[in-house]
Amino acid sequence: MSLIESHFKLHRPPFPQSAEGPSLLHHTTLKEAQERLRFAIERDGIALVTAESGCGKSTLLGCLCRELDPTAYLVVYSSLTTLSPFGLLSSLVAKLGLRSRRFKGETAQELIAHLRGLAKGVALILDEAHRMPDESLEDLRLLTADSFEKKSPFALILAGQPLLRERLTEPQHVALAQRITVRVRLRSLTDSETTLFLDKHMRAAGAQRSLFEPDAVTLLFQHSRGIPRLVQNLALNALLAAASANKKNVDADCVQQALLEAEAP
C-alpha cells in the first residue's frame, strides 16, 4: 500500500492511467463526442478527433470501444501511424490474422475483401494520426472509396493532436477532408468540471469526503489549464505532499509544493 493510500485510508491508488468505471467523469463534451463518433460508425463514415495532448483523446476512444457491441462491430485499433503506406497496410492485415501480399495493391485488395466478407461492421481507429505520412493518409481515403457502387468497407476514425486538423486543410488532402462526416474537438475541463474530476477519482479510490480544499482546486486548475492529465499529475504530487506533512486535506500549500517539484530541473 502506498503512502497516499495508507494516509488517506483509500482502498486503491487514485488517478489510474486508464480511467474507467467509477473513476471516469462523463462530462458533457465526452458524452457528446461519443454520440457523434457512434453516428459516424453507424454510417461507415470518416470521423476526425483532435485534442491537445492530455485532454482525454485516449479516454474517449476507450469509452467508445467499450460501448460498441462486439457481436455487431469489429474494432481495429492502431497507433503505428508513422509507417509507410505498405507498412500500415501490412500492420492492419496482421491485426486481422491475414498475411500481406508481395505488392501493396494486392494487400489492399486482400484487406478489403476480408472486411467486406465479415458479418459485422468494422471500425478502424488510427490514433496519433497527425504523424501519418501524406501518402498513407491518401491511401486510407482510397481504401474507403474502393468502389463507386458500394459503401465503404469500414468506418474510419482519425485521432490526433490539432496539427492533424491543420494538415487536412492542405491542398493534397482536400479529397479526404471532404469525406469527413463528423469532426470532434475535445477541450480541456472547466473549473467546475475540474472539481468534479478530482472528486470522482478520489471517491472511486475510496475517499469518503472531498480531500481537496477549494483554494487547492483553484491552483490546480490554473496551473493545469484544465488538461486532465496535468490535473491528475499535479493532484497526485499534492496528495503526496499532504501525506508527508501529515495533513488531512490537500491545501494550497500542498499544491504549491507539487508545482515546485514539477518545475525542478
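User: At roughly what angle do the axes of helix 4 and helix 6 cross?

Analyst: In this predicted model, the axes of helix 4 (residues 85-95) and helix 6 (residues 134-144) cross at roughly 55 degrees and come within 8 Å.

User: Why is helix 4 called oblique to helix 6?

Analyst: Angles under 35 degrees count as roughly parallel and 65 to 115 as roughly perpendicular, with the remainder oblique. The crossing angle is roughly 55 degrees, and helix 4 is therefore oblique to helix 6.

User: Which residues make the contact, and how are they divided by class?

Analyst: Helix 4 contributes Pro85, Leu88 and Leu89, while helix 6 contributes Glu135, Ser136, Asp139, Leu140 and Leu143. By class, the contact has 5 nonpolar, 1 polar and 2 charged residues.

User: What makes Asp139 and Lys104 a salt bridge?

Analyst: The criterion is a side-chain nitrogen of Lys or Arg within 4 Å of a carboxyl oxygen of Asp or Glu. The side chains of Asp139 and Lys104 meet at 2.8 Å, N to O, and the pair therefore qualifies. Asp139 lies in helix 6 and Lys104 in helix 5 (residues 104-116), 35 residues apart, so that distant parts of the chain are linked.

User: Why is the pair of Glu128 and Lys57 said to tie together parts of the chain?

Analyst: The side chains of Glu128 and Lys57 meet in a salt bridge at 3.4 Å, N to O. Glu128 lies in the loop between strand 3 (121-126) and helix 6, and Lys57 in helix 3 (residues 57-67), so the pair joins parts that are 71 residues apart in sequence. The relative accessible area of Glu128 is 23%, which means partly exposed; that of Lys57 is 8%, which means buried.

User: How many salt bridges does the whole structure contain, and which residues are linked in a network?

Analyst: A search of the whole structure finds 12 salt bridges. Arg38, Glu42 and Glu67 are linked in a network of salt bridges.

User: Why does Glu193 count as buried?

Analyst: Its relative accessibility is 11%, and the threshold for buried is under 20%; Glu193 therefore counts as buried. Glu193 is placed in helix 9 (residues 191-204).

User: What makes the pairing of Glu193 with Arg187 a polar contact?

Analyst: The side chains of Glu193 and Arg187 make this contact at 3.0 Å, and the distance limit is 3.5 Å. Not counting residues up to four places away in sequence, Glu193 touches Leu25, His27, Arg187 and Ser188.

User: What percentage of the protein counts as buried, and how many helices and strands are there?

Analyst: Of the 265 residues, 47% count as buried. The protein has 12 helices and 5 strands, and its C-alpha trace spans about 65 × 40 × 30 Å along the principal axes.

How values were computed: Residues are numbered from 1 along each chain as its sequence is written. This is a predicted model: local features need pLDDT of at least 70, side-chain atom pairs count only at pLDDT 80 or more; totals for chains, interfaces and linings use all residues. Side-chain values use heavy atoms; hydrogens and water are left out. Helices (H or I, at least four residues) and strands (E, at least two) are DSSP runs, numbered from the N terminus. Buried means under 20% relative accessible area, exposed over 50%, partly exposed in between (1.4 Å probe, protein chains only). A polar contact is a pair of N or O atoms within 3.5 Å; within protein, one must be able to donate a hydrogen and the other to accept it, and residues adjacent in sequence count only if both atoms are side-chain atoms. Contact means heavy atoms within 4.5 Å. Axes are lines fitted to C-alpha atoms, for helices over the stretch in contact, and angles run from 0 to 180 degrees between N-to-C directions. Angles under 35 degrees count as roughly parallel, over 145 as roughly antiparallel, 65 to 115 as roughly perpendicular and the rest as oblique. Ala, Val, Leu, Ile, Met, Phe, Trp, Tyr, Cys and Pro count as nonpolar, Asp, Glu, Lys and Arg as charged, and the others, Gly among them, as polar.
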